[in-house]
Amino acid sequence: MQEILDKRRISGEEKNDLLDMMIHARYEDTQLPMTDEQLVDEMLILFIAGHETTANALSFIFFEISRHPEAEQTLRNEISTLGEAAFTPDSLMKKSYTLNIIKEAMRLHPPAWGIDREALEDDHFKDYSWGKGTQIILYIGGLHRNPKYWTDPEAFIPERFDDENARNFAYYPFGAGPRLCIGEHFAMMEMVLIVRKFYQLYSFKSSHDQVEKKALVTLRPIKVSGKIVKNPI
Ligand code: HEM
């Protein structure tokens with residue numbers, strides 16, 4: 001990251017991209033720019049938060065599509081009905097079956113499976129109370145499969161997201177509040193594009209019935225292997 005930063009500075013090139021914006025940003029109070037250390041930190045967080053999460057989500061999405069041929073067929077029908085319109089920025093963000101599949105796969109396998117906070121003060125909420133410095137983990141993976149909020153929570157049912165209210169209260173793959181993921185819309189758009197481009201031409205046949213997962217900072221599949229098959233035209 002430092003090398004990329006050095007190269008950009010030395011070249012004097014103006015690309016008008018995110019890196020340029022961060023280099024030129026000034027603090028409101030001091031008018032000072034960010035130090036190199038801060039810039040490298042910002043670049044790292046964008047790179048890691050934006051890359052690993054989306055890559056893991058896509059692995060789970062491809063796995064779930066492979067386990068549900070009827071969902072794959074509906075997806076394929078949507079892609080062929082839309083034609084070239086399937087890839088316009090407008091259509092990528094519109095309500096669609098592709099989006100439903102992505103949302104449902106992220107409900108069952110949220111790459112950000114837990115969100116952690118440290119209490120700045122003694123605090124309480126309903127029947128719970130905790131002291132300053134307590135580490136609190138919100139278990140998003142558990143919430144997404146809680147039968148109190150989801151009918152048939154273990155099943156892969158993309159249609160449940162036809163209901164606009166399905167994401168209320170019990171669905172937080174991108175977090176919520178002031179620290180809501182800044183890349184949510186970018187990630188959704190990127191994933192719809194990748195899924196549609198891939199399934200327009202190919203199919204993925206997983207060789208597993210179950211996906212083994214590892215809950216590290218992100219939830220990642222240990223292995224999703226299988227075959228990529230070209231669709232008959
Ligand atoms: C499927 C993909 C993604 C998932 C599941 C995801 C998930 C999340 C979650 C749950 C948070 C909140 C963390 C918290 O409250 O502590 C978050 C924050 C963040 N995400 Fe994402 N993210 C994704 C893609 C992206 C992309 C593509 C970018 C950038 C291009 C990005 C950049 C960030 C940043 C910078 C934050 C910190 C925001 C802040 O603290 O103010 N994410 N993400």
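**Backbone, charges and contacts**

User: In which loop does glutamine 31 lie?
Analyst: This is a predicted model: local features need pLDDT of at least 70, side-chain atom pairs need pLDDT 80 or more, and totals for chains, interfaces and linings use all residues. Residues are numbered from 1 along each chain as its sequence is written, and side-chain values use heavy atoms, without hydrogens and water. Elements are DSSP runs numbered from the N terminus, with helices (H or I) of at least four residues and strands (E) of at least two. On that basis, glutamine 31 lies in the loop between H2 and H3.

User: What is the phi of glutamine 31?
Analyst: Most residues other than glycine have a negative phi. Glutamine 31 is not a glycine, yet its phi is positive, at about 65°.

User: Asparagine 16 is not a glycine either; what is its phi?
Analyst: Asparagine 16 sits in the loop between helix H1 (2-11) and H2. Its relative accessibility is 68%, so it counts as exposed (over 50%; buried is under 20%, partly exposed in between; 1.4 Å probe, protein chains only). Its phi is positive, at about 60°.

User: How many salt bridges are there?
Analyst: The rule asks for a side-chain nitrogen of Lys or Arg within 4 Å of a carboxyl oxygen of Asp or Glu. One network of such bridges links Arg8, Asp17 and Asp20. The count of salt bridges comes to 11.

User: How far apart are the closest N and O atoms of lysine 15 and glutamate 13?
Analyst: Lysine 15 is partly exposed at 46% relative accessibility. Glutamate 13 is also partly exposed, at 42%. The two form a salt bridge, with the closest N and O atoms apart by 4.0 Å.

User: How many residues apart in sequence are the parts tied together by glutamate 52 and arginine 220?
Analyst: The side chains of glutamate 52 and arginine 220 meet in a salt bridge, 3.1 Å from N to O. Glutamate 52 is in helix H3 (residues 36-67) and arginine 220 in strand S7 (residues 219-221), so the sequence separation of the tied parts, in residues, is 168. Glutamate 52 is partly exposed at 23%, and arginine 220 is partly exposed at 33%. The value asked for is 168.

User: Arginine 76 and glutamate 72 form a salt bridge; what is its N to O distance?
Analyst: Both residues are in helix H4 (residues 69-82), 4 residues apart, which means about one helical turn between them. Arginine 76 counts as buried at 18%, and glutamate 72 is buried at 7%. Their N to O distance is 2.3 Å.

User: Which residues gather in the patch of negative charge?
Analyst: Patch residues have over 30% relative accessible area and no salt bridge; like charges are joined within 9 Å, nonpolar side chains (Val, Leu, Ile, Met, Phe, Trp, Tyr) within 5 Å. Lys and Arg count as positive, Asp and Glu as negative, and His and chain ends are not counted; a charge is placed at NZ of Lys, CZ of Arg, CG of Asp or CD of Glu. The members of this surface patch are Glu70, Glu159, Asp162, Asp163 and Glu164.

User: Is asparagine 100 buried or exposed?
Analyst: Asparagine 100 is in helix H6 (residues 97-108). Contact means heavy atoms within 4.5 Å; beyond four places in sequence, asparagine 100 touches Pro158, Glu159, Phe161 and Asp162. Its relative accessible area is 4%, so asparagine 100 is buried.

User: What accessible area does the nonpolar patch have together?
Analyst: Leu18, Met21, Ile45, Leu46 and Ile182 form this surface patch. Helix H2 (18-24) and H3 each supply at least two of its residues. Areas come from the Shrake-Rupley method with a 1.4 Å probe; for residues, only the protein chains shown count as cover. Together the patch has about 530 Å².

User: Where is isoleucine 228, and how far is its C-alpha from that of phenylalanine 204?
Analyst: Isoleucine 228 is in strand S8 (residues 226-230), exposed at 58%. Beyond four places in sequence, isoleucine 228 touches Phe198, Tyr202, Ser203 and Phe204. Isoleucine 228 and phenylalanine 204 are 24 residues apart in sequence, and their C-alpha to C-alpha distance is 4.6 Å.
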